Number of protein chains: 2
Amino acid sequence: MTFTDAELRYLSGQVLGRLATVDRHGAPQNNPVAFVVNADTGTIDIGGHRMGATRKFANVRRNAAVAFVIDDIVSTNPWQVRCLEIRGRAEALSDQEPPRPGFSREIIRVRPERIFVFGIEPGADGMQRRDIAA
Amino acid sequence: MTFTDAELRYLSGQVLGRLATVDRHGAPQNNPVAFVVNADTGTIDIGGHRMGATRKFANVRRNAAVAFVIDDIVSTNPWQVRCLEIRGRAEALSDQEPPRPGFSREIIRVRPERIFVFGIEPGADGMQRRDIAA
């Protein structure tokens, strides 16, 4: 499985992630997005109302490299943040069955290659990083 | 002024932003970051405990193109999100006076070139976009 149980719990409790894509000039853009964890494929499936018309969808078509991050603040005093960053390659898929209401038939499917986790795994200290086998 | 009054109010009420940078292979990374609005320079100044040792700091040294996004959920029913995305060029600065406690002396200074705003400006409808004069 791509994600640990603690990561799956964390992902299921968060509503928005932020997706970084790179345009044809090598410049990033960064967008809040809704997502679902696809247990069948081990991917993060990102959608929206008119996903097929978005610049991020076009970016992914040209450059598959993406970074998707979820974070939240557990406490400001002491300062405590949790985060899960997924770097990997994405596909811009058309004509998919929408995995949730509000998604159009286009999906950005993110296949994790490297995962960075902070503050999510019980008992773990500092940032953990791991590679995901293809 | 780079930001409108409504944008400044929004920025001052948000604790975390997410910064997308691009590595030497053209792949993005995406990190939750603390920031201050620098009224003197019209920039977003991003810092942290050991900023100078981070990959994002190294990324900015090589590729100045960044995207910084702030968002929040006003309501889930009806679904209502606000966001402010800043695309621009950043400098990796060393030996700065830390603009807030918890920042080291290295700062990523983001100079906005294009701003996308959704749900922040009173009376505005849909996504607004504008370019910032150099």
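**Starting point.** I kept in mind throughout that this is a predicted model.

**Fold.** I began with the secondary structure and found two helices and seven strands in chain A. Following the sequence, I wrote the order down as α-β-β-β-α-β-β-β-β.

**Overall dimensions.** Next I looked up the extent of the C-alpha trace of chain A, which spans about 40 × 30 × 30 Å along its principal axes.

**Packing.** What share of the residues of chain A count as buried? I noted 51% of the 134 residues. For contacts in chain A with a separation of 6 or more, I found that 58% come from residues 24 or more positions apart.

**Surface and charge.** Chain A exposes about 6700 Å², I noted, with 46% of that area supplied by carbon and sulfur atoms. I also looked up the charged side chains and got 18 positive and 16 negative in chain A. The centres of these two sets lie 6 Å apart.

**The two copies.** I turned to the pair last. Chain A superposes on chain B by a rotation of 180° with 0.0 Å of shift along the axis, at an RMSD of 0.0 Å. The copies are thus related as by a two-fold rotation axis. Through which surface do the copies meet? I found that 100% of the interface residues of chain A are also interface residues in chain B, so both copies use the same surface to meet.

Definitions and conventions:
Residues are numbered from 1 along each chain as its sequence is written. Chains are lettered from A and ligands numbered from 1 in the order in which they are written. This is a predicted model: local features need pLDDT of at least 70, side-chain atom pairs count only at pLDDT 80 or more; totals for chains, interfaces and linings use all residues. Side-chain values use heavy atoms; hydrogens and water are left out. Helices (H or I, at least four residues) and strands (E, at least two) are DSSP runs, numbered from the N terminus. Buried means under 20% relative accessible area, exposed over 50%, partly exposed in between (1.4 Å probe, protein chains only). Contact means heavy atoms within 4.5 Å. Accessible areas come from the Shrake-Rupley method with a 1.4 Å probe; for residues, only the protein chains shown count as cover. Lys and Arg count as positive and Asp and Glu as negative; His and the chain ends are not counted. The place of a charge is taken as NZ of Lys, CZ of Arg, CG of Asp or CD of Glu. Copies are superposed by least squares on the C-alpha atoms of residues with pLDDT of at least 70 in both.
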